[in-house]
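Visitor: I would like to learn how to read a model of this kind. Please take me through some features one by one.

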Amino acid sequence: MLTAPKLDYALLAPILIILGAALLGVIVEAFVKQALRARLQLVIALAGISIAFGQLYLVRNEGSSIAAVTSVSIDGSGIFIQGAILLFAFLGILIIADQDHFAPQASALPGSSEEASALESGKQQTEVFPLTLFAVSGAMLFPIATDFITLFVALEVLSLPLYLMVGLSRRRRLLSQEAALKYFLLGAYSSAFFLFGAALLYGYSGSLSLNGLTDAIRGSGGNDVFLLLGAAFLSVGLLFKIGAVPFHSWTPDVYQGAPTPITGFMAAATKAAAFGATLRIFYIGLDAAQVSWKPAIAVIAVITMIFGSIAAISQRDIKRMLALSSIAHTGFVLIAVVSLNKSALSATLFYLVAYGLATIGAFGIVTLVRDSAGEVTDINRWVGLGKKSPLVAAVFSLFLLSFAGIPLTSGFVGKFAIFSAAYESGNIYLVVAGVLSSAIAVFFYLRLILMLFFAGETNGSVSVVIPSVLTRIAISISAIATVVLGLAPSLLLDVAQNFAYFLR
Amino acid sequence: MSILTTLQLLPLFGAIVVAVLPVGNAKLIKQTALGFSLLVTAVSLFMAFSFKTEEAALQFTETRSWISAFNINYSVGIDGMALALILMTTILVPIVFLAGWNESENGRWSVKVFYILLLILETMMIGVFAATDVFLFYVIFEAMLLPVYFLIGGYGVGERAAAAMKFLLYSLFGGLLMLAALIGLYVISTNQGGGTFDIAKLSELTIDSTTQNWLFLGFFIAFAIKAPLWPLHTWLPTAAKSATAGTSTLLLGVLDKVGTYGMIRFCMNFFPEATKTFTPAIITLAVISILYGAFLAIGQKDINSLIAFTSISHFGFITLGIFALTSQGLTGAIFYMVNHGFSTAALFLTAGWMAKRRGSSNIADFGGLQRVTPVLAWSFFLAGMSALALPGLSSFISEFLVLVGSFAKYPVAAILGTTGIILASLYVLIVVQKSLHGETPESNKGILDLNLREKIAIAPVIAVLVVLGFYPKPVLSVINTTTQTIMTHAGVSDPIAKVAK
């Protein structure tokens, strides 16, 4: 006889609320009339995220590894990352709300008469809101999942809506769809790797859960070949999602092709979710086997940092440049994965929030710089922006300085925290590599600031649109957070420290 | 709130006040900025008079928790060395304001932004010398690059953007190395009973010699870039050539001193063993800097580049004095830091006036200025004499102390350094002769002499050079206590003279 599993609804509520809001969004999309839809979708999405955040806040000090039998483990790190994802989603939705970036009818072929008539009639479909919420629910489940089936399901729930969202761009649709297809194919491939790895690990340990895996490694009863292969394949799936070299090749294309608000959301939220899961898998599941994976991940971290920093120098497209810079940042966070101590965990939590906020803000600014054909992403045409609209250029520079890790910005504190955790764990060579790649990275961030402010003539055809109120709020929050977390990082650092633990 | 904190916040407050003034009213902006900088000078002088010279401990201390997760504090306090450097800063800033009254008007941005940047920079310049928490020091050390970057890139001349970029990249690279070393130091302190960034506590750590060497290098390279030591100096001449006279004054006069200050405060203090290990190499680099800077100064065609190269030579002297590890050398080096600040200010400001009036900073374009602009010419002459350390001017005393102090331990280096003085008279006299003497070409006949504002700006600088040249005791006595403390801590003592009786 099958007994219904006992679920701890209070702890699972944040995810359920988001899923509920997403479903509600689907119903609204189907039944509510056109004129009201966009506004209603926005309200539902923001309300859903806020309520979920409120619930998360209420249960913040609780923890349970049996909230849903043994499939998820609600603990400090999980709750912190869920909160971060909700924050990113909130800001992301504020920018996504500017429907000008999205194809009015995604199903219409690019260049077809259907598309033209949809554009003309102003009938804008708003499926992007429920899709975002579905992705958020997957992103929230991923970092707390503790068995391979749940992990895989969460990964897919996170990824599938993103594949669609990447293809939604209104302008340059072919590029957008190409990016979506690339992302989908490579993503499906990496999912297969992930699943294959999970199967091998199951074969090794006879259990689907991370705890079972640890016990099996400690007991060392199984065949180590399965363990190593399984861990390697599983890592491929994760490293793809976080965009680490050599599994990064999708990142520039997808970041470039996706509608810019989606890029910002994706860069922040996906990275947080995927790192949450990665940390849990390596800290809980594979901790006991660290001698076998640590060197490999360390090498990947170094290559990722250096590759991202060097490759970004040659980029001429701002979105691609930010994509490569995100790869470099992935490398920095991977240092924390290798460090395997509590300070590394809290440093990662801080870093993900700091980086995510700056990323959403930076991409938010990219949405503002346009000419008659839409966004201008060619860096050469950003020249002299500082003269045209000093405030926008100054805020963008602030985000760049934070990415570069200049003191008094949140990015510096994050970097400092991660480096000191790595030094503490004895991985001094990683600190040195990190410092050197920061030095390289500083170059292209500064060059961009130089172009914004110090270039001679300005580009006449490019203008900065006046941001909508919502976009303005999102960018302002990101900018203020970047400065405040740089000046008074204790506000978040102390929280991160309290939440930096995993329940087995 | 300690007076030091007040002193730091005053310019920042001034920057905020300037920020809310209307953009169009340039005169009001300048007057407000000058007013605040004079107020800062007054407060710093007041602080100097209540400073207890004989006391070895830090004074005017204040500590507040900043980032508790890493036990990082906002903590400030000064000893004699820091006091001397802060005073130099607070005196130079209003002079720079006054001297460069109009230099902000040809920039990319408004006059307002110029003064906001300068006032923020002053806050940081005071803070960097006052900080007694290494993390706080580091943050300011890095953050103060940004105002300078924008000052060079936004208000400079010629290849200003490229110069600003070069300056920033060099400095940030050094800063990142220092960051790695700083983290290492922090982790070592964590392993020895509690992580801290407090300078006093960090200097008590026991560190094995290999680690010490690496950490020393991390700090030292950052400082050697800052106080440009050959071969890390290449950013300086381009920056000095492109920056306005005022910015150059602060860059070379104050910011670069952070480098030599850091060598004393951090390198010697935290890593006494490594200091001794690396001393011969550093002395060599210092001597090379002295000679290289001097030789290149002789060949310069641009007057600002010339001053930059003389500074490289002078920083060589300062470094030589520091790493001679004798009390005379160290006292001389610290005194040199102060004198060099004023002497460079005099050079850059007068050269800036000359260049502005002539519309060119090419030495060959000047000539015969003595006849048309006697006051300007005499000021430049005196500044030049100070650069070549003429007895009676303050730089003579410091240079003498450095050479005497280093001769006791490193006679060869001292002798080679002495030739630097001879070269100094060459490069100074050549430029003096070319620009001030001889026939006045037609193009220079219309050049006007200094106006009252400019005379008021240059007078205190020259007064300081002369007064300290005859009566250096006030500054020396403030520095001496610090020197003794540092020497004792580093575990070095003066060699006893071999020729006895």
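Visitor: In chain A, what share of contacts between residues at least 6 apart in sequence join residues at least 24 apart?
Guide: Two residues are in contact if their C-beta atoms, placed from the backbone, lie within 7 Å. For chain A the share is 81%. This is a predicted model, in which local features need pLDDT of at least 70, side-chain atom pairs count only at pLDDT 80 or more, and totals for chains, interfaces and linings use all residues. Residues are numbered from 1 along each chain as its sequence is written, while chains are lettered from A and ligands numbered from 1 in the order in which they are written.

Visitor: How many helices and strands does chain A have?
Guide: Helices (H or I, at least four residues) and strands (E, at least two) are DSSP runs, numbered from the N terminus. Chain A has 20 helices and 3 strands. Its C-alpha trace spans about 70 × 55 × 40 Å along the principal axes.

Visitor: What percentage of chain A is buried?
Guide: A residue is buried if 20 or more other C-beta atoms, placed from the backbone, lie within 10 Å of its own, exposed if 12 or fewer, and partly exposed in between. Of the 504 residues in chain A, 60% are buried. In helix α20 (residues 490-499) of chain A, the buried residues are A:Leu492, A:Leu493, A:Ala496, A:Gln497 and A:Phe499. They pack against α3 (76-96), α14 (342-366) and α19 (469-487) of chain A, together with β1 of chain B.

Visitor: How many residues of chain B are in contact with chain A?
Guide: There are 23 residues of chain B in contact with 23 residues of chain A. On the chain B side, α5 (134-143) and α7 (160-191) are the elements that give two or more residues. Helix α7(B) gives the most, with 15 residues. For the classes, Ala, Val, Leu, Ile, Met, Phe, Trp, Tyr, Cys and Pro count as nonpolar, Asp, Glu, Lys and Arg as charged, and the others, Gly among them, as polar. By class, this side of chain B has 18 nonpolar, 4 polar and 1 charged residues. The predictor gives the complex an ipTM of 0.85 and a pTM of 0.90.

Visitor: Where does α1(B) have a kink?
Guide: The bend at a residue is the angle between axes fitted to the seven residues ending there and the seven starting there. In α1(B), a kink of about 25° lies at B:Leu9, shortly before the proline B:Pro11. Among the buried residues of α1(B) are B:Leu7, B:Leu10 and B:Pro11. The buried residues of this helix pack against α2 (26-49), β1 (59-67), β2 (72-78) and α4 (111-130) of chain B.

Visitor: Is B:Ala389 buried or exposed?
Guide: B:Ala389 counts as buried, because it has 27 C-beta neighbours inside 10 Å. B:Asn71 is partly exposed, with 19 other C-beta atoms within 10 Å.
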